[in-house]
Amino acid sequence: MSLPAPPGAPGELPAPAASPGTPALVRYALGSAGMGVYVTVPGLLLLYFLTDTLGVSPWLAGLVLLIPKVVDVVLHPFVGFLSDADRVRRGSRLRLLAAGCALGPAFVALFAVPGPVAERPWAAALWVAGWFVVGNTLFAAYQVPYLATPTDMDVDYDGRTRVLSFRMIVLTLGILVGGAVAPLLVGDGEPTVAAYTLMALVLGAFTFAFQLVGVGGVRRLVPPRAPAGPAAAGERRARPVRDTLADVRSVLRANPHFRVLAASYLLASTTTHLVLAGLPYYTRYELGRPGFTTVLMAAFVAPALIATPLWFRLSRRAGKQRCLLAAQSGFALGALALAAGDRLGLAPVVAATLLLGISFAGIQLFPFSMVPDAIREAGPGELARTGSYLGVWTATEAIGSAAGPYVYAGALALGGFVASRAGDQVTQSAQAHSAILTGFTVVPAALMVLSLLLQLRYRLDAQARSGRTAG
């Protein structure tokens with residue numbers, strides 16, 4: 001059962017309001033800094049932490065990353081349902097948002113594996129998997145209501161992209177902090193659990209602080225409104241899991257534009273997280289430079305600081321869809337270029353990574369700004385289910401963030417990659433080296449091409465561009 005339509009004329013979407021000022025958007029966007037750390041560090045280091053510090057075999061390490069994310073298939077839509085219920089009963093989504101600020105301590109626990117547990121690979125795998133579930137739950141509690149903000153606001157086609165462009169720039173800073181600082185704190189070579197724990201303490205505090213700022217930003221952009229009456233609030237009581245899954249099916253069935261976006265983004269998210277997971281292996285085993293992970297991570301993330309405003313300006317002329325397709329094409333080409341390794345020198349490696357980074361900025365910006373377009377195009381009835389939509393969307397992203405490392409772990413396992421504990425000396429076979437390289441280059445290029453082919457089926461953008469003044 002859907003929520004009542006938002007305030008305004010019955011059966012009509014509210015007219016777009018004036019675009020909010022830069023200070024308000026910056027405060028909102030700052031909440032993404034902590035989120036950037038969480039989406040980056042586990043994706044970049046957790047698989048490597050499991051296989052090369054805790055001695056967990058690749059196939060088990062892949063499952064440790066995958067299974068907690070499978071829970072997100074139900075968890076994120078359910079959080080979206082609760083977020084919509086709070087919007088009706090309490091007039092805001094702030095309660096869940098505030099609860100999600102406990103993500104920082106959970107992030108610390110994820111890497112702070114106790115000594116007796118770390119000595120047993122199976123026990124270490126269970127520890128990491130358990131805290132990964134806790135962290136993902138808190139991340140969902142923050143992410144879903146946070147990302148509902150652009151849809152809750154009364155802004156137009158370009159206004160929604162502007163809001164998300166601010167978020168993308170700050171998210172990039174968070175990703176850069178996580179992706180560049182985490183390897184530096186962990187150290188080169190064969191880092192210990194203690195080194196990972198120190199890294200998690202520093203970045204966990206960073207995450208907590210910026211999440212709190214983001215809560216205030218959401219409150220400013222979408223001020224709490226008067227709660228709905230008891231009858232309307234009663235429509236959104238907590239329901240069992242099967243009803244949440246029914247919500248997922250209903251959202252996907254009711255909105256074909258959203259369905260195409262979600263399917264394409266699932267593959268895109270899988271691809272980008274595969275590249276993150278494979279980067280430490282590529283720099284250590286293919287380039288022979290473990291410390292180069294920080295350099296390539298910076299080359300992958302930093303371009304978004306410049307590329308995001310440029311992508312936004314380009315989209316005002318060419319539209320979001322064309323820009324997204326261009327970004328997906330660039331990502332596939334960049335991944336293939338890395339297959340040469342350092343045989344042509346390190347400069348081409350850095351150049352290819354910069355191309356990946358420019359493309360990554362578009363792949364992050366445009367799908368997230370197209371989701372509100374798809375929801376609003378479906379009308380007031382679907383607009384009232386914004387939380388449910390965002391729950392499905394973030395579940396899609398979460399599945400991709402687990403599927404990417406799992407696919408790469410599968411490539412390592414097929415190639416005979418040998419896991420090791422900190423301090424162990426292991427020589428990988430030629431077949432394992434081939435799997436490390438192919439899994440990092442050819443596989444993500446193929447997955448991104450599939451994502452592009454699905455994205456070609458999206459037909460809403462031309463219609464949305466022709467009615468830019470419509471909500």
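The side chains of Arg-343 and Glu-286 form a salt bridge, with an N to O distance of 3.9 Å. This pair connects distant parts of the chain: Arg-343 lies in the loop between helix H16 (320-337) and helix H17 (346-377), Glu-286 belongs to helix H13 (residues 256-286), and the two are 57 residues apart. The partners contrast in their accessibility. Arg-343 is exposed, with a relative accessible area of 59%, whereas Glu-286 is buried, with a relative accessible area of 18%. The model described here is a predicted one.

In total, the structure holds eight salt bridges. Side chains of opposite charge can pair when their charged atoms come close. Another such bridge joins Asp-373 to Lys-320, whose closest N and O atoms are 2.7 Å apart. Asp-373 is located in helix H17 and Lys-320 in helix H16, so the bridge ties together parts that are 53 residues apart in sequence. Asp-373 has a relative accessible area of 4% and is therefore buried. Lys-320 is likewise buried, because its relative accessible area is 0%.

A salt bridge is also found between the side chains of Asp-152 and Arg-93, at 2.8 Å from N to O. Asp-152 lies in helix H8 (residues 149-152), while Arg-93 lies in the loop between helix H3 (72-89) and helix H4 (94-99); the pair therefore ties together parts that are 59 residues apart in sequence. With a relative accessible area of 18%, Asp-152 is buried. Arg-93 is buried as well, at a relative accessible area of 8%. Beyond these individual pairs, a network of salt bridges links Asp-86, Arg-89, Arg-90 and Arg-95.

Aromatic side chains were examined next. A search of the whole structure finds 26 aromatic pairs. In one of them, the rings of Tyr-265 and Trp-393 have centres 4.8 Å apart and planes at 20 degrees; because planes under 30 degrees apart count as stacked, this pair is stacked. The two residues come from distant parts of the chain, with Tyr-265 in helix H13 and Trp-393 in helix H19 (residues 386-414), 128 residues apart. Both Tyr-265 and Trp-393 are buried.

The rings of Trp-311 and Phe-366 are arranged otherwise. Their centres are 5.8 Å apart and their planes stand at 90 degrees, so the pair is edge-to-face. This pair, too, links distant parts of the chain: Trp-311 is in helix H15 and Phe-366 in helix H17, 55 residues apart. Trp-311 is buried, with a relative accessible area of 10%, and Phe-366 is buried, with a relative accessible area of 0%.

Helix H13, which holds Tyr-265, also contains Thr-272. Thr-272 counts as buried because its relative accessibility is 4%. Apart from neighbours within four places in sequence, Thr-272 is in contact with Phe-331, Phe-360 and Met-448.

One aromatic cluster is formed by Tyr-38, Phe-49, Phe-107, Phe-111, Phe-139 and Tyr-196. Phe-111, a member of this cluster, touches Val-41, Leu-46, Phe-49, Val-193, Tyr-196, Thr-197, Met-199 and Ala-200, when residues up to four places away in sequence are not counted. Two of these contacts, Phe-49 and Tyr-196, are themselves part of the cluster.

In soluble globular proteins, nonpolar side chains tend to be buried together.

Helix H15 (residues 304-318) gives the most to the patch, with three residues. Leu-173, by contrast, is placed in helix H9 (residues 157-186).

Notes:
Residues are numbered from 1 along each chain as its sequence is written. This is a predicted model: local features need pLDDT of at least 70, side-chain atom pairs count only at pLDDT 80 or more; totals for chains, interfaces and linings use all residues. Side-chain values use heavy atoms; hydrogens and water are left out. Helices (H or I, at least four residues) and strands (E, at least two) are DSSP runs, numbered from the N terminus. Contact means heavy atoms within 4.5 Å. A salt bridge is a side-chain nitrogen of Lys or Arg within 4 Å of a carboxyl oxygen of Asp or Glu. Buried means under 20% relative accessible area, exposed over 50%, partly exposed in between (1.4 Å probe, protein chains only). Rings of Phe, Tyr and Trp (its six-membered ring) pair if their centres lie within 6.5 Å; planes under 30 degrees apart count as stacked, over 60 as edge-to-face and the rest as tilted.
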